[in-house]
Amino acid sequence: MLFYKYPDPSKIPTVAERLQYFRHKKSLLQEDVAKVAGLHRSTYISYENPKHEQYSLDVLKKISELYCIDITALLDEYNKFLYDGQTIQIRQTRKAMGITQYQFGKLYGVTSNTVKCWESGKIKLSKRVWERIYK
């Protein structure tokens, strides 16, 4: 069980496992959490699947309130990056490198238009690309 593997929940690597950890800690069923979060049970089940990468912050906020914890306790590094605002962070990273959107895109295998969309918040950076840039 996750309690034994991770006595400190901040060491749990994925949002999915953190959701499981706190749900078990409160002795709740997936259906209970799904109702509070305003999700269908099957959708909530997908939230506890480690392959799930991006989460609705509105849903996680409702779940964190149920568990009486700060939302950041549920977030892994990638989702914390999204929560903290990818637009500012990507722009700061690119400017710290002293390169244009075109150069940044070329460096990471995307178009300058994609970089522009990341920096404007029109699209979310995928976890795979986030790992290439920040890991």
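I began with the aromatic rings, and a search of the whole structure gave me eight aromatic pairs, where a pair means that ring centres of Phe, Tyr or Trp (its six-membered ring) lie within 6.5 Å, with planes under 30 degrees apart called stacked, over 60 edge-to-face and the rest tilted. One of these joins Y21 and F22, which I found to be edge-to-face, with 5.1 Å centre to centre and 85° between the planes. I looked up their burial as well: Y21 and F22 are both buried, where buried means under 20% relative accessible area, exposed over 50% and partly exposed in between, with a 1.4 Å probe and protein chains only. I also noted one aromatic cluster, formed by Y78, F81, W130 and Y134.

Before going on I wrote down that this is a predicted model, in which local features need pLDDT of at least 70 and side-chain atom pairs count only at pLDDT 80 or more, while totals for chains, interfaces and linings use all residues. Residues are numbered from 1 along each chain as its sequence is written, and side-chain values use heavy atoms, with hydrogens and water left out.

Next I turned to the chain as a whole. It holds ten helices and zero strands, counted as DSSP runs numbered from the N terminus (helices H or I, at least four residues; strands E, at least two). The C-alpha atoms fill a box of roughly 50 × 30 × 25 Å along the principal axes, and of the 135 residues, 38% count as buried. Taking contacts as heavy atoms within 4.5 Å, I noted that, among those with a separation of 6 or more, residues 24 or more positions apart account for 50%.

How do α7 and α8 cross? The axes of helix α7 (residues 86–97) and helix α8 (residues 101–108) come within 10 Å and cross at roughly 95°, the axes being lines fitted to C-alpha atoms over the stretch in contact and the angles running from 0 to 180 degrees between N-to-C directions. The two helices are therefore roughly perpendicular, a class that covers 65 to 115 degrees, with under 35 roughly parallel, over 145 roughly antiparallel and the rest oblique. I90, T93, R94 and M97 of α7 make the contact with Q101, F104, L107 and Y108 of α8.

I then followed α8 to helix α9 (residues 112–120), where the packing angle is about 105° and the axes are 7 Å apart, which makes this pair roughly perpendicular too. Here Q101, Y102, F104 and G105 in α8 meet S112, V115, K116, W118 and E119 in α9.

Two single residues came next. I63 sits in helix α5 (residues 57–67) and counts as buried at 1% relative accessibility; leaving out residues up to four places away in sequence, I63 touches L19, V33, A37, Y44 and L74. R23 lies in helix α2 (residues 15–25) and also counts as buried, at 8% relative accessibility.

Last, I looked for disulfides, meaning pairs of cysteine sulfur atoms within 2.5 Å, and the count came to zero.
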